[in-house]
Amino acid sequence: MLAKELARLREESGMSLAQLGEETTYDRAYLHKLETGARVGSPEVIAALGAVYGAAGEHLSMLWVLAREDAFADKYKRFMQLEAKATVRYEYAVGTIPGLLQTEGYAREVLQAAHPKDDNDLSEQVAARLGRQDLLRGDDPPHFRAVLDESVLRREAQDPKEWAAQLEHLVAVSGLPNVTIQVLPFSAGLHGLVGTSLTILWLPDGSAVAYTEDARSGELFEGAADVEDLRLSYDLLRDLALSPRESVAFIKTLMEDGRSCAPDQT
């Protein structure tokens, strides 16, 4: 609906994609993807188009919200289908510990923050998330490399015991032969993926897909050029991270700091 409305409004305006690009400062190829439904777009581009089309702007914003929700659900469903087939998985986490590495208590707190409808709904979500972790321990598990931004490890769970258990779990899982965990320290500075979580999946046929996500939306990339750009960003970021051994030592230091700050029970 959003794509059709964008195409209709431009046709009625009599503008070409090139002219619309000049009016909005967005590339004509990108605008074409919006009109064909290949991309959902961002709030900024929708606002720019709304300014060009005048009274239709509010209607476009409403359609964009609906389109974003549908696209997120569909793309995430597609991502999960590909996830089950992947032979290699690289992940960069900026908000929370990746789902494949979460304990039950930590997962429950993360999902609770999203305000599930009821306790049954929450329990189902937790069970589903933990069930996905079987990917790491199957007969032929994928190689999994997770780069955790230091902010992830500084944002503790509310329950100190659950947080301690989560850190212990990270150390334990790092010992699996197919799992590598690295920490990207604050001292690494700015990089190309600031604020964006990224997962790259390599599939049995040699192809790869990438999935980026922030707090409000997600985007699945299957085009070779897009995936290659994101892979390069990941490689550069990984080069800035602590080594696997240094990363485990960093996590253990956080565990010791937590124990030293715990109230005396004697």
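# Briefing on the predicted model

An open sheet of six strands, with mixed pairing, runs in the order β3-β2-β1-β4-β5-β6. Strands β3 (179-184) and β6 (218-221) form its edges; each has a single partner strand, so one side of each lacks a neighbour in the sheet. From one strand to the next, the twist averages 10°. The model is a predicted one.

- Strands of a sheet pair through backbone hydrogen bonds, in either a parallel or an antiparallel manner.
- Strand β5 (residues 208-213) and β6 run antiparallel and are joined by four bridges.
- Within this part of the sheet, E213 stands opposite G218 of β6.
- Helix α10 (residues 224-240) packs on the sheet, where it touches β1 (88-93), β2 (143-149), β3, β4 (197-202), β5 and β6.
- The direction of α10 makes about 115° with that of β4.

**The largest nonpolar core**

- In soluble globular proteins, nonpolar side chains tend to be buried together.
- The largest nonpolar core here contains 23 residues, and those with the most contacts inside it are L101, L153, L167, L170 and I251.
- At least two residues of this core come from each of β2, α8 (150-154), α9 (160-173), β3 and α11 (244-261).
- Leaving aside residues up to four places away in sequence, L153 touches L148, W163, L167, L170, V183, F250, I251 and L254.

**Helix α1**

- Helix α1 (residues 2-13) has twelve residues, which at 1.5 Å a residue should span 16 Å; the end C-alpha atoms are 17 Å apart, in agreement with that expectation.
- The buried residues of α1 are L2, A3, E5, L6, L9 and R10.
- These residues cover an arc of only 165° around the axis, and therefore lie on the same side of α1.
- On the face turned away from the buried side, α1 carries the exposed residues K4, E11 and E12.
- Just after α1, G14 adopts a positive phi of about 80°.

**Residue E35**

- E35 belongs to helix α3 (residues 28-36).
- The relative accessible area of E35 is 13%, so this residue is buried, the limit for that term being under 20%.
- Leaving aside residues up to four places away in sequence, E35 touches A3, L6, A7, R10, L17 and L20.
- Among these contacts of E35 are A3, L6 and R10, which are also listed with the buried residues of α1.

Terms used: Residues are numbered from 1 along each chain as its sequence is written. This is a predicted model: local features need pLDDT of at least 70, side-chain atom pairs count only at pLDDT 80 or more; totals for chains, interfaces and linings use all residues. Side-chain values use heavy atoms; hydrogens and water are left out. The expected span of a helix is 1.5 Å times one less than its number of residues. Buried means under 20% relative accessible area, exposed over 50%, partly exposed in between (1.4 Å probe, protein chains only). The arc is that of the directions from the helix axis to the C-beta atoms. Two strands pair if DSSP finds at least two bridges between them. Axes are lines fitted to C-alpha atoms, for helices over the stretch in contact, and angles run from 0 to 180 degrees between N-to-C directions. Contact means heavy atoms within 4.5 Å. A nonpolar core is a set of buried Ala, Val, Leu, Ile, Met, Phe, Trp, Tyr and Cys residues joined through side-chain atoms within 4.5 Å.
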